[in-house]
Amino acid sequence: MVGLAATAACGADSPSPSASPGASPGTPRRGGKLRVGVIGSSGNIYDPHFTSSDTDQGRGQQIADSLALLAPDLPYRAELALAESFEMNADATVATIRLRSGVEFHHGKSLTADDLIFSLQRILDPDNPGRAASSLASIDPNAIKKLDNLTVELTLKTPDSLLPTRWGSSQTSILPTDFDPAKPVGTGPWVMQSFQAGARSTYKAFPNYWREGQPYLDELEIIDFADNTPRMAALLAGQVDAIDGVDSTLIPQLPPTGFTTVITKSGFYQPITMRVDSAPFNDPNVRLAMKLLVDREQMVQQAYSGLGEIANDMPCPGDPGYPDLPQREQDIEQAKSLLKNAGYEGLTITLNTSAQNGGMVNSAQVYAEQAKAAGVTVNINIQDAATWSANHKEDQFKQNYWAAGLVGGSWSQRWSEGGRSNESLWQDAEGDEIYNQLLSTTDEAKQAEYSGQLLSKLYESGPDIIHSFKSNVDLTTDKLKGVIPMESNGWNLGSWRYRLMWLEG
C-alpha cells in the first residue's frame, strides 16, 4: 500500500522557531481579535464547495477542514488533517481513508464516514458539481463503500496516484450530512457569526476544535474592500491588522516602524490566457508571437518591483519533472514576422483583468506597453471582481492567477476537455494520454518523467503567457505573529491559516 500517515493532533504547522523558514518566533498569546482586510464583492459566497475567488476560499477555510492540507514548505506534499490515514493500492485504483476519531462539527455532531461520503457525492453531483469536481473526477460517486463508522473505501473510475495531494482547499471540505448553506458549519477552527457579501464576516473561536490549543485568538473579522486604496488606508489607520495579496508598489507607503512586510517566494503565477477556439489564437504561431512580446526581466522589475522570478511559459517550477528548456526571450522581430505571416500584422486586442491579486493590473499594463514595439495594440479592460469572475470562459484574452503546485494536480482542470477551469479551451489528446500514464504509476521517477512531458507541451504550444513567478506580498502590523509563508503554493497570509496567528500587546 502507498499511503500517508497522520501527524500529531496539534498539527505539523504549529508555529515555532523551527516550524518553517517563515515562522514567527515566540510563544503564542491567547485572546484578542484579528481583523483582516480583503478584496471582496457582492458576488462572494459562503458555501465551501463552490468557492472560486481567493476571498471566498479564505473564508471557507475558517469554518471547514479537508482530509489533508498542503505543507507550507517544499517539496510539495500533503499533510493529513481530518484523515488519520490515506492509503492507495499499488495500481492507484482503490483508496482507503480512515478519519480521525473525536472530531466535532460546530453544531455538536461527530465526524463520521457518512459525512465524507455526503461531501464527495455533493462535490461530484453531475447536476450541480462543486468547484473540485474536475480535480476529484477519478472518484466514482456510486462506488463509495463505508467500511465502518470512520473508514471509507473509494473505487476509482480511472487510476489516480496523485489523489492524496488533491485536498486542502475549502473546495474539498468535509461537511456534515445535514449541511445548510444558509447556516454553514464545519469542523474548522472558527464558528461563523455573520456574513454579508461584499461587506464583512465575523467569527468566534471553536472551543472544541480538534487541533488542541488552536486557534489562539478569540475572534476573527474579515472586512471587504473594493480595492487596495481603502485597504491600505485602513491598515495605516489601525482599522485592520493585515491586508493580503497586495501590489508590491504599496510597500513604500509603510512607515519605517510598526508594520511588517511578509514576502512569500513561490511559483505563484498570473498568466495571460488566450482562448484557442477562434481566431486569432487558434493559430499556435500567433500564440508564440504573443509570448515573444514579453521582456520578462523588465516585467519582474516593473510589475512586481523586483519581487519575483522570470518564468518560461510553464507553470509549476517546484514539480520534480520541471524541464530545462531554452529560456524564452523577447524577440520583437520574430513576433512581428509570425503575426504578419498569420495575417495579423498590427493586431489590436483587449486584455481583461481585475485588481483581484497583487500585481495583476500592473503586469497587464507592462505587457501592453511592451507589445507596442511589435505594432500590437493591447487595450486594458479593468473589470470589477464579480464581472471578472463571471466572464472567465467568455473572454478571448484575459488574466488569471494560480497557485504553485504539480502539473498533474492541475492538468485535468486547466488543460483538458471539460476541465472546470479550462477557460482557454485548449486541449491536447497526446497530453491527456501522458497525464493518464502519470496517474497510473506510483513510481516517483516515472511521475517526474511524465510531468516533464506535460510541461514541455505547455511550453511548445500552450495557451498561457507565463512570464513571471511573482512573490506574494502581505502587509501586517508588527503585533501580528504566527504568519507562516506558504512557499509551496504562494497563497496569501500563509494560506489564511488564521488559527496559527496571535496578537502581541
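Predicted model: local features only at pLDDT ≥ 70, side-chain atom pairs only at ≥ 80, totals over all residues.
An α-helix has 3.6 residues a turn, so residues three or four places apart point the same way.

Both ends of α3 deserve attention. At its start, a side-chain oxygen of D227 comes to within 3.0 Å of the backbone nitrogen of T229. After the helix comes G238, which has a positive phi, near 80°.

A further buried site belongs to a loop. S170 is located between β8 (151-156) and β9 (190-196). Its relative accessibility is 1%, and S170 therefore counts as buried, the cut-off being under 20%. Leaving aside residues up to four places away in sequence, S170 touches P48, H49, T51, Q57, G60 and Q61.

The next topic is charge pairing. Over the whole structure, a search finds 22 salt bridges. One of them joins R166 to D160, with the closest N and O atoms 2.9 Å apart. R166 counts as buried at 7% relative accessibility, and D160 counts as buried at 2%.

Another salt bridge is formed by E309 and K265, whose closest N and O atoms are 3.4 Å apart. E309 belongs to strand β15 (residues 308-310), whereas K265 sits in the loop between β13 and β14 (272-274), so the pair ties together parts that are 44 residues apart in sequence. With 38% relative accessibility, E309 counts as partly exposed, while K265, at 53%, counts as exposed.

The salt bridge between K336 and E333 has its closest N and O atoms 4.0 Å apart. Both residues lie in helix α6 (residues 332-342), and their separation of three residues is about one turn of the helix. K336 is partly exposed, its relative accessible area being 35%, and E333 is exposed, with a relative accessible area of 55%.

Finally, salt bridges also link residues into a network, whose members are K33, R200 and E221.

How values were computed: Residues numbered from 1 in each chain as written. Heavy atoms only, no water. Polar contact = N/O pair within 3.5 Å; in protein donor to acceptor, adjacent residues only side chain to side chain. Helix = DSSP H or I, 4+ residues; strand = E, 2+ residues; numbered from the N terminus. Buried < 20%, exposed > 50% of the residue type's maximum accessible area, 1.4 Å probe, protein only. Contact = heavy atoms within 4.5 Å. Salt bridge = Lys/Arg side-chain N within 4 Å of Asp/Glu carboxyl O.
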